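Keep the viewer open while you read.

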Amino acid sequence: MPQSPSINPLIPRFNQLKWKMAGAGVLVGLVSGLLVVLYRLGIEQATAAARWIYAQIRETPWLLAPWFVAAVAASALIAWMIAKEPMASGSGIPQTNGVVICGLRMRWQTILPVRFVGGLFGALFGLSLGREGPSIQIGASGAQFLSHRLRGRRREDVQEHYLVTAGAAAGLSAAFSAPLSGMMFALEGVHRSFSPAILMGATAASLTADCVSKYCFGLRPVLDFGDIGQLSLDEYVWLIPLGLIAGLVGSMMNRSLLGFQTLYGRVPLRFRPVIAIALALPVGIWMPDVLGGGSNLISMAEHASVGLGMLCLLFVVKVLFTSTSFGSGSPGGIFMPILAVGALAGGICGEMLHQWAGLSSEVVAIFAVCMMTGTLAASVKTPITSILLSVEMSGTLTHMLPVAAVAFIALLVSDLLRTKPIYGELLERYMRAQGEDTRIPSQVGSGVMELPLEMGAIADGQRVRDVAWPSGCLIIGLRRGEREIVPRGDTLLRAGDYLVVLFSGEEEREARPAMRRLCDAPLT
């Protein structure tokens, strides 16, 4: 049977897209990597300055007067900026997800200055916010800028989404000096699809951004655990309670972050940063280790350099201070604070077992790594990214089994507690706050999207003609392994197929989630 000449050319064109994305990914990695490196340098210097300032205030109380004036001015500026550009408030990861998944519009021209200025002011006053979430949005904004320059007057919205995903990968890669984690987070946490085009673009961007980061910061990762021991086979039994506790901690962290954000919602926007910065004053004077993202706390938990009581106090204060800082809407992320909270919980468990159960002191560092990974997996629901991150930070594969065991046990506990992914919840809140509705027609033009068909999905095992496809969608191609197929009505769909879907721009916001409902495995 002859094939339609109007559809045939689309398949090789889409097949070439992965190589086009790989080339564009290198450019994205250079641009986004440089932006994130500049942001990372600024945040590190500002956090160090915050600790020095609070130390001076502790020794010279009259400095409170100029600090108060500066705090009020900075709070007013932060509140004004996030009111003008709400998409640059908070973490940045939910907003990036919204651009890729829901078709939200992102303006790199305003997001970049708000991210840089707001993030620097927040770090200068020591707010417990990380740089990783903003780095992902900065990377995505750099990719959007590059996409606009490359496409000229042509509209290639699907390819822009792919570049935004690649920019997100470059952002996390440059922020952590962890290219595999950046690549996987873009796939697992942002785009949630593993097509070759997305993979090639994200990989090229992530590796290129890592080269830029390593050129500026050296070869050591941000959280270099160095050489840590191994668990004996008899000690593997402790991974079960560690996973259970990590799941509880991750779920608690989500509820605390969302709960304080709800409380802040009752306060006028212009006063929220003032409250967060005011709370930073006593923390900075009496517990300066809690300031900033928390990489120092992870090192402290690894080496158990303070007593058990102090670890517990740091844990409680870090949870509360992170929640008050993030709930205010100030530009800053929660990725690193979640890791710090998990590492502190692991350090507490390891130190308790060392003192009371006779385990070796070497287990403290191992438990810190395992629970850090498990807490992140339970909170963000990205277990593969969490595992890869711990592997890249520790620099060895020998701990992958215990780390993976704790991560998946924690994820199970989080699912049993019906804890939703933190960034998904934040995205829903952002869209409600901005009056966004998934039924509103998107501004994204007609284009092509690619979706994997999962085992057990509604469309799995069905013929093309028997599936109730969303209005405005046409299945124009099917990739099965290395084969390219132009589907007909009687073509049988199988799990593992990649569907190439032509969609209408007016229907995009409804079509994308509807297609996912047909192609994704049911959550039971």
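Start with helix H12 (residues 295-303) and helix H15 (residues 363-380): their axes come within 7 Å and cross at roughly 135°. That angle makes H12 oblique to H15. On the H12 side the contact uses Ile298, Ala301 and Glu302, and these meet Val364, Ala365, Ala368 and Met372 in H15. Sorted by class, the H12 contact with H15 has six nonpolar residues, no polar ones and one charged one. Bear in mind that this is a predicted model.

Next up is the pairing of helix H11 (residues 272-286) with helix H13 (residues 308-327), which pack at an angle of about 155° with their axes 9 Å apart. So H11 is roughly antiparallel to H13, and H11 passes H13 in a left-handed crossing. Which residues make the contact between H11 and H13? H11 brings Ala276, Leu279, Ala280 and Val283, while H13 brings Phe321, Thr324 and Ser325. In terms of class, the contact of H11 with H13 counts five nonpolar, two polar and no charged residues.

Then there's helix H3 (residues 64-84) with helix H5 (residues 108-124), where the axes come within 10 Å and cross at roughly 150°. H3 and H5 are therefore roughly antiparallel to each other, and H3 passes H5 in a left-handed crossing. From H3, the residues Ala74, Leu77, Ile78 and Met81 meet Val114, Val117, Gly118, Phe121 and Gly122 in H5. By class, the H3 contact with H5 comes to seven nonpolar, two polar and no charged residues.

| Helix pair | Axis separation | Angle |
|---|---|---|
| H12 and H15 | within 7 Å | roughly 135° |
| H11 and H13 | 9 Å | about 155° |
| H3 and H5 | within 10 Å | roughly 150° |

Now zoom out. The protein's secondary structure comes to 19 helices and four strands. Buried residues account for 58% of the 524 residues in the protein. As for contacts between residues at least 6 apart in sequence, 83% of them join residues at least 24 apart.

In soluble globular proteins, nonpolar side chains tend to be buried together. The largest nonpolar core here has 103 residues, and those touching the most other members are Tyr54, Phe176, Phe185, Phe335, Leu339 and Tyr423. Apart from that core lies another one, of 25 residues, with Ala123, Leu146, Leu187 and Ala209 among them.

Arg40 lies in helix H2 (residues 17-59). Is Arg40 buried or exposed? Arg40 has a relative accessible area of 4%, so it counts as buried. Setting aside neighbours within four places in sequence, Arg40 is in contact with Arg131, Ala174, Ala175, Phe176, Ser177, Ser213, Phe217 and Val222. Phe176 in that list also turned up among the residues that touch the most other members of the largest nonpolar core.

Val28 is found in helix H2 too. Val28 is buried because its relative accessibility is 0%. If you leave out residues up to four places away in sequence, Val28 touches Gly33, Ala143, Leu146, Leu163, Ala166, Gly167 and Ala205. One of these, Leu146, belongs to the core of 25 residues. For a pair to check by distance, take Val28 and Gly171: they sit 143 residues apart along the chain, and their C-alpha atoms are separated by 9.9 Å.

Last stop, backbone torsions. Most residues other than glycine have a negative phi, and most peptide bonds are trans. Ser177 isn't a glycine, yet it has a positive phi of about 55°. Where is Ser177? Look in the loop between helix H7 (157-176) and helix H8 (179-191). Ser177 is buried, with a relative accessible area of 5%, and Ser177 is one of the contacts of Arg40.

Arg418 isn't a glycine either, and its phi is positive at about 60°. You'll find Arg418 in the loop between helix H17 (400-416) and helix H18 (422-433). Arg418 has 75% relative accessibility, so it counts as exposed.

Terms used. Residues numbered from 1 in each chain as written. Predicted model: local features only at pLDDT ≥ 70, side-chain atom pairs only at ≥ 80, totals over all residues. Heavy atoms only, no water. Axes fitted to C-alpha atoms, helices over the stretch in contact; angles between N-to-C directions. Helix = DSSP H or I, 4+ residues; strand = E, 2+ residues; numbered from the N terminus. Parallel < 35°, antiparallel > 145°, perpendicular 65-115°, else oblique. Left-handed = near helix turned anticlockwise from the far one by under 90°. Contact = heavy atoms within 4.5 Å. Nonpolar A, V, L, I, M, F, W, Y, C, P; charged D, E, K, R; others polar. Core = buried A, V, L, I, M, F, W, Y, C linked by side-chain atoms within 4.5 Å. Buried < 20%, exposed > 50% of the residue type's maximum accessible area, 1.4 Å probe, protein only.
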